[in-house]
Amino acid sequence: PLVLGIETSCDETSAAVVEKGERLLSNVISSQMKVHRRFGGVVPEVASRRHVERITDIIQQALDEAKVTLADLSAVAVTQGPGLVGALLIGVSAAKALSFSTGLPLVGVHHIAGHIYASHLVEPLQFPLVALVVSGGHTELIYMSEHNRFERLGRTRDDAAGEAFDKVARVLGLPYPGGPEIDRLARTGTPAIDLPRAWLEPDSLDFSFSGLKSAVINRLHNAKQRGEEIPAADLAASFQESVVEVLTEKAIRAVQGKEVDRLVLAGGVSANSALRKQLKARCMEEGIHLSVPPLELCTDNAGMIATAGTFQYLDGQLAGMDLNAEPNLKLT
Ligand code: ATP
Ligand code: MG
Ligand code: FE
């Protein structure tokens, strides 16, 4: 099958064409990062307006780059949620309009399923597996026994990993989005500052990052009161080390607890160089096969949505014209 994917859950307007759920024929991504940067974060109303302005062109561009027409397609897949409701609605409306006018089957995709299926564009997902999903809004450990089946093993109890990166970056005076900025800055520092690790209860696969964030803020505040200066690069490196250590060890624990030998890294934070490095090293030690998508497939893109959508389509999971944007859509 040849599937058109559409993604507008946050601040990327994206459309892609994927063949057989594994070959990316096009993946057009229009980022609104510059627009939101001066506000220090994504402004939902602004995001929706931008999506409206761009969506038609982006879809056409995705078809053109793939050298296909609507008549060649098997289905249209769109991110149904979770995300910003106004932003999601633009993609969902566009997909429904296309489906209605062409008769193409419509598929509603969970954004996090999309992030996991990004890996499939690099090497086929092999089940059973555990996925570590780390993004701007999610930090979850997911078990998959087969295609389209998701079981949640752990989740964040407060901030998502990406959210923690963005908030700490803001405190350090770095621009939005903060994740890549901290990643860059951390390379020039040493993790010499003692910061907490939130392991939670001994058997828990849940995460918590708000305490770590507060610890960073307190360190800065106390130093300022004493008239001292903490090197920002050291603080960034120490913060990143704490996040990476907990993410890595809990992911390994989840894989071993489920007695599987495959781990998939997914979501925007998987662009983090320290996380990639540490996970690779630990998986090597433990004999776990690690699958990490290339950077451009880690952050929001429609290629991953088209891929996840292809497997739902093959499974007969189609949506009707009553498909609606679901800002709090559950994966399991
Ligand atoms: P969700 O997928 O949960 O809806 P989202 O779509 O906003 O959230 P993504 O686009 O998957 O999230 O990822 C964006 C997040 O990834 C941001 O929080 C950003 O700071 C973080 N990020 C991107 N690159 C890096 C990096 N190199 N290191 C750490 N974090 C990063
Ligand atoms: Mg984004
Ligand atoms: Fe995302």
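Setting aside neighbours within four places in sequence, Val292 makes contacts with Leu265, Ser270 and Arg276 in this predicted model. Val292 sits in the loop that links β10 (289-291) to α10 (295-298).

Attention can now turn to a sheet elsewhere in the description. Five strands form an open sheet in the order β3-β2-β1-β4-β5, and their pairing is mixed. The edges are taken by β3 (23-31) and β5 (106-110). Each of these has a single partner strand, so one side of each lacks a neighbour in the sheet. From one strand to the next, the twist averages 20°.

Strand β2 (residues 12-19) pairs with β3 in the antiparallel sense, over eight bridges. Val17, for instance, has Ser26 in β3 as its bridge partner.

Two helices lie across strands of this sheet. Helix α3 (residues 85-102) lies across β1 (2-7), β4 (75-81) and β5, and runs at about 155° to β4. Helix α11 (residues 302-314) lies across β1, β2, β3, β4 and β5. The direction of α11 is at about 130° to β1.

Notes:
Residues are numbered from 1 along each chain as its sequence is written. Chains are lettered from A and ligands numbered from 1 in the order in which they are written. This is a predicted model: local features need pLDDT of at least 70, side-chain atom pairs count only at pLDDT 80 or more; totals for chains, interfaces and linings use all residues. Helices (H or I, at least four residues) and strands (E, at least two) are DSSP runs, numbered from the N terminus. Two residues are in contact if their C-beta atoms, placed from the backbone, lie within 7 Å. Two strands pair if DSSP finds at least two bridges between them. Axes are lines fitted to C-alpha atoms, for helices over the stretch in contact, and angles run from 0 to 180 degrees between N-to-C directions.
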